[in-house]
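Biologist: I am new to reading protein models. Could you walk me through a few features, one by one?
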Amino acid sequence: MRLAHHKARICFSYCFSLRFSSTISPLPFVATTSDAQILKCALDDRKTSLNLKEVLRIHAKIVKFGFGMDSTLVSRLLINYIECGHLHFARSLLGEIRFPNFDLITNNKLISSFMKNKDVETAKKVFLDMLFKDVVSWNSLIGGYVKNSRYEEAIGLFKDMCLSNIEPDEFTFSSVIAGCAGLGVLDHALWIHGLLIDKRIVLNDILLSAIIDMYAKCGKIDIAKEIFHGCRSRKISVWNSMITGLAAHGLASDAISVFCQMEEENILPDSITFLGVLTACSRCGLVAQGQKYFDIMRRQYCIEPELEHYGAMVDLFGRAGQLDEAYATISAMPMYPDLVIWKTLLSACRTYKNVELGEFVTRNISCLDSGDYVLLSNTYCSLNRWTISANMRENMRREGIYKDHGKSWIELAGNIHYFKAGSRAHPEIEAIDKILKQLIKRAKLEGFVAATELVLMDVTEEEKEENLNFHSEKLALAFGVLKTSPRREIQILKNLRICYDCHSWFKIISIMLRRVIIVRDCVRFHKFEAGSCSCGDYW
Ligand code: ZN
Ligand code: ZN
């Protein structure tokens, strides 16, 4: 019996090369042969044979006895948990290990695995606990921040990296460039581009397309064009960045001419190219052109449209008020429409005040999220159907669904300032308030009338107007006016779409202040100049 027990321990030690550390609990961990087999199966065969109940039993044993496990085994168990989506078990095991002592490759793998599974905080903890970091460690965290849309943290970490003695490589740059693009911060973009030149980093296709995308998203489409035209050899990703950038600026004819140039140079377009062209057409109301390219894509280039292409077509018809065609596109799709497509149609229903179709669309959405409730509730509100809207909002509150709040930001002298609708958190809010009130007063004298029907609450007209006055983009603009010299261009970024009221107000402000005001909302750029907007009021 004693011999059998001894053999079992040897077997376990052999299988996993266990190493007992000096920091372990005095109680010994007694692994049975079956424990060893179960862990081996779980780790070798991944999801197919993972018997979670059994693995957790061994996990509990490890934790209970303070077992100084071999770091390779622990790391394999951790990564297995993460890849199988059992993040809480991974976090728990990681929390229990006093001295993980993982090697560099394991730590880097843990960072990217946690990031891939959207557990940013644990990835950051692994990074901070590392005694030695290499360029891959920094890249894993910076890239992870970008993939999780935490752009400012990515840029912040890149700055820390520059102060450390680790040299950024082309992967670091492509991530941080994407971070600048996500935030749309031009000062940072120029700084990063300058660093690339200083460090003599060769601009490969990935970097080139990232830089073109960055300048386009920072509002400098001319710089993006200049870089694009200066490229000697252009791979498909570079063409795609240019077309997508032009689409975001509402420059549909330019996007189409880039596409034609591609054809002339015998560059085969791919599905991303067509998505860019279709988006450009939808943003500018070029319905016939959009239909033509959707057709060419299939017939001439044998590219089967994906969900996103159908989404672009629904958007094309929906924005143009052709709601029946939009719905017919959804009906003709070979795959199930996703939430984004239904939302696109629902948004068009709201714009064109088609409550019936809106209700139908909502019923068709099998899995509702906050956006759909909000959109439908807004559709009812804009038609003054307060009771239904109020009931919907009550349901949302009960179910814990909240609207994504409007947030705008502005970059000044390399610093990013954030504003939330109605928030008084900014340290200079008193001065901002003063400027904003002056601008509102002057705009009224110029004949501006607030679009109070957009305030989705059953309150008095005055209260509605007050509500509109403190939209985040207006606060950001007032701050820009406060901090910049007269006539200087002001660029504002917003996480949601700009509302109709702010859109009209910015047009008047651009005349009053004789300034160019650029707003990048979540869909496109709006350049307000001398009383009109580059979107031609079609957005
Ligand atoms: Zn607004
Ligand atoms: Zn506009």
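This is a predicted model: local features need pLDDT of at least 70, side-chain atom pairs count only at pLDDT 80 or more; totals for chains, interfaces and linings use all residues.

Biologist: Let us start with the metals. Which residues coordinate the zinc ion (ligand 2)?

Modeller: Look for the donor atoms around the ion. Here the zinc ion (ligand 2) is held by H503 through NE2, H526 through ND1, C533 through SG and C535 through SG. The distances run from 2.0 to 2.2 Å.

Biologist: What arrangement do the four donor atoms make?

Modeller: Start with the ideal: four tetrahedral donors have angles of 109.5 degrees at a metal. Around the zinc ion (ligand 2), the angles are 102 to 117 degrees, so the arrangement is tetrahedral.

Biologist: How are its donor residues spaced in sequence?

Modeller: The pattern for the zinc ion (ligand 2) is H-x22-H-x6-C-x1-C. H503 is in helix α27, and H526 is in strand β5, residues 525-529. They are 23 residues apart in sequence, so the pair ties those parts together.

Biologist: Are H503 and H526 buried or exposed?

Modeller: Both H503 and H526 are buried.

Biologist: And which residues coordinate the zinc ion (ligand 1)?

Modeller: The zinc ion (ligand 1) has H471 (ND1), C499 (SG) and C502 (SG), at 2.0 to 2.3 Å. Water is not among the atoms, so a site may look incomplete. The spacing of the donors of the zinc ion (ligand 1) is H-x27-C-x2-C. H471 sits in the loop between α25 (461-469) and α26 (472-483), while C502 belongs to helix α27, residues 500-512. That pair links distant parts of the chain, 31 residues apart. H471 and C502 are both buried.

Biologist: On to helices. At what angle do α12 and α14 pack?

Modeller: Compare the directions of the two axes. Helix α12 covers residues 205-217 and helix α14 covers residues 236-248. Their angle is about 5 degrees, and their axes are 8 Å apart. That makes α12 roughly parallel to α14, because angles under 35 degrees count that way.

Biologist: Which residues meet there?

Modeller: From α12 come D205, L208, S209, I212, D213 and A216. From α14 come S237, V238, S241, M242 and G245. By class, this contact of α12 with α14 has five nonpolar, four polar and two charged residues.

Biologist: Last, a single residue. Why does S113 count as buried?

Modeller: Check the relative accessibility. Buried means under 20%. S113 has 6%, so S113 counts as buried. S113 is part of helix α6, residues 104-116. Setting aside neighbours within four places in sequence, S113 contacts I79 and I82.

Conventions:
Residues are numbered from 1 along each chain as its sequence is written. Chains are lettered from A and ligands numbered from 1 in the order in which they are written. Side-chain values use heavy atoms; hydrogens and water are left out. Axes are lines fitted to C-alpha atoms, for helices over the stretch in contact, and angles run from 0 to 180 degrees between N-to-C directions. Helices (H or I, at least four residues) and strands (E, at least two) are DSSP runs, numbered from the N terminus. Angles under 35 degrees count as roughly parallel, over 145 as roughly antiparallel, 65 to 115 as roughly perpendicular and the rest as oblique. Contact means heavy atoms within 4.5 Å. Ala, Val, Leu, Ile, Met, Phe, Trp, Tyr, Cys and Pro count as nonpolar, Asp, Glu, Lys and Arg as charged, and the others, Gly among them, as polar. Donors are N, O and S atoms within 2.8 Å of the metal (3.2 Å for Na, K and Ca); water is not among the atoms, so sites may look incomplete. Buried means under 20% relative accessible area, exposed over 50%, partly exposed in between (1.4 Å probe, protein chains only). Four donors count as tetrahedral if all angles lie between 85 and 135 degrees; four count as square planar and six as octahedral if opposite donors are over 155 degrees apart and all others between 65 and 115; anything else is irregular.
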